[in-house]
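Student: I have a structure to read. Can we go through its terms one by one?

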Amino acid sequence: MIRKNAAQIAAVLLLANAVGCTCVNEPLNDATVPLELRLTNHTRAATFADLGPLASGRLISTRTATQSAAPILPDNDGYFVGIAISGGGLRSANYAAACLFQLQRLNLLDKVDYISSVSGGSVVAAYYCLYDESHWNPGTVQRELTHRFGTDVITSAFLPWNAIALMFTNWDSTDILAQSLDKHLYRRNGRSLTFADLRQDRPRLLINATDLQSGNRFMFCNESFDELNSDLSRYPIAHAVAASSAVPVLLHPKTLRDYSTAFKQYRHFIDGAITDNLGVQSLLDVYQAQNGPRPGRTPPYPNGAVIILIDAGTRYDAKLSDRGDIGFWQKVRRSMDLASTALISRANSATLAELILLHSDDTLNAENLRQHKQRLEQTGLLEILDRDHRPIQVVHLSLSSVRRLSNLPFPSFSESLDNISTFFNIDQTEAYRLYQAADLLLRDDQIHAALEQIARNLARPASQP
């Protein structure tokens with residue numbers, strides 16, 4: 001056994017030293033290829049839905065063009081339909097899955113054009129975009145998304161060969177998380193699933209992280225990988241999800257090699273929730289870029305946009321009032337939970353305010369904007385006009401709003417939701433309550449009626465707004 005462990009340790013060290021860093025992205029073009037002749041990416045992770053294989057005179061990689069021979073065109077309902085999924089560990093992943101199944105019940109899920117996600121929300125967003133109904137069903141998803149990924153990271157770090165690799169190489173805790181996600185969620189027939197495996201009958205996927213150097217949002221999409229001269233079709237989904245979930249301090253930044261230059265340059269990414277915990281800004285940026293006025297071009301979404309925000313944010317309640325003192329580790333954990341919950345709550349509120357301010361009709365005054373924000377917070381529903389006077393309908397499926405419902409299963413139900421942590425472990429009873437919460441919220445009279453009306457609008461051809 002000792003010899004076997006020693007051999008494993010040596011193998012890990014040799015591999016890590018040979019690689020030099022844990023970058024798993026690969027080049028798309030040789031650095032000697034002129035810029036105008038370089039191949040570009042063409043996966044389902046695209047910010048422009050109407051790009052064909054030879055769009056804008058740029059060539060498409062022959063490796064990825066075969067995955068999608070026909071141009072990716074908007075559907076014929078005339079609406080940009082996007083779902084944004086917030087961060088929040090496995091609490092977010094399970095709550096979002098529950099909401100997606102409810103939207104599927106209302107015949108809305110197959111109308112979605114884009115899914116944008118951050119952190120824990122990326123776990124379920126990627127899963128839905130990779131699998132058909134043999135995997136995408138309540139029983140399978142509930143079992144898969146209650147796996148204890150956090151425990152995997154902790155226990156793996158204490159294995160002798162992993163501990164040495166963590167101390168003496170660039171292999172880190174985020175790589176362990178990616179390894180666990182790959183093993184349990186994103187692997188098929190012994191092969192890691194990549195962006196080339198995203199299904200054509202699913203929405204286009206935008207996984208968001210934060211660039212550690214600039215502090216800006218970074219999307220794992222064709223355009224950003226084109227800038228890195230890196231092949232997105234061969235990049236493992238598990239590593240993108242891990243990057244989106246790399247909470248500072250707890251997890252290490254995820255590194256990508258920049259192949260646009262012959263010099264050794266790298267980009268480092270952390271949790272996408274830092275720049276936008278709701279994941280909504282990427283959707284609005286894509287909508288505005290596609291639907292903005294262009295000479296000689298008809299906007300692809302003449303009826304405007306429908307944005308559904310799945311927000312797993314909650315109030316914080318540590319349930320400590322009955323204790324005179326608490327232990328050191330419990331103090332650390334509760335302090336970190338409180339800090340993250342408070343920061344996320346403030347960030348979500350700021351994002352909603354920014355959504356209304358930046359994307360509303362220029363004729364609105366400050367009082368109108370305050371009323372819009374208040375209406376969205378109180379009802380979860382809002383309709384505004386964009387700068388081209390097209391409607392943007394917002395449906396905010398907020399976990400914290402469940403407390404205002406009248407038909408809760410038991411008096412302390414909403415408080416039980418507040419105590420579900422944002423960690424990458426979740427108890428099955430906690431997951432069950434998240435499914436209950438989604439069912440209650442989407443059957444609420446106002447929310448249900450609004451979603452049914454949206455479904456009817458989306459069933460009409462684009463010529464009948």
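Student: Why are H3 and H15 called oblique to each other?

Tutor: Start with the source. This is a predicted model, where local features need pLDDT of at least 70, side-chain atom pairs count only at pLDDT 80 or more, and totals for chains, interfaces and linings use all residues. Residues are numbered from 1 along each chain as its sequence is written, and side-chain values use heavy atoms, with hydrogens and water left out. Now the angle. The axes of H3 and H15 (residues 428-442) cross at roughly 40° and come within 9 Å. Angles under 35 degrees are roughly parallel, over 145 roughly antiparallel, 65 to 115 roughly perpendicular, and the rest oblique. H3 and H15 are therefore oblique.

Student: What makes a run of residues a helix, and what is its axis?

Tutor: Helices are DSSP runs of H or I with at least four residues, numbered from the N terminus. An axis is a line fitted to C-alpha atoms, for helices over the stretch in contact, and angles run from 0 to 180 degrees between N-to-C directions.

Student: Which residues of H3 and H15 meet?

Tutor: Among them are Tyr 95, Phe 101 and Arg 105 in H3, and Leu 434, Tyr 435 and Asp 439 in H15. Contact means heavy atoms within 4.5 Å. By class, the H3 and H15 contact has 12 nonpolar, 2 polar and 3 charged residues. Ala, Val, Leu, Ile, Met, Phe, Trp, Tyr, Cys and Pro count as nonpolar, Asp, Glu, Lys and Arg as charged, and the others, Gly among them, as polar.

Student: Why are H3 and H4 oblique to each other?

Tutor: H3 (residues 89-105) and H4 (residues 120-130) pack at an angle of about 40°, with axes 6 Å apart. H3 and H4 are therefore oblique. Gly 89 and Ala 93 in H3 are among the residues that meet H4, where Gly 121 and Val 124 are included. This contact of H3 with H4 has 6 nonpolar, 4 polar and no charged residues.

Student: Why are H6 and H8 oblique to each other?

Tutor: The axes of H6 (residues 149-157) and H8 (residues 173-184) cross at roughly 125° and come within 9 Å. H6 and H8 are therefore oblique. The contact includes Phe 149 of H6 and Leu 177 of H8. Its classes are 6 nonpolar, 4 polar and 1 charged.

Student: Which hand does the crossing of H6 and H8 have?

Tutor: Right-handed. A crossing is right-handed if the near helix is turned clockwise from the far one by less than a right angle, and left-handed if anticlockwise. The crossing of H3 and H15 is right-handed. The crossing of H3 and H4 is right-handed too.

Note on methods:
Helices (H or I, at least four residues) and strands (E, at least two) are DSSP runs, numbered from the N terminus.
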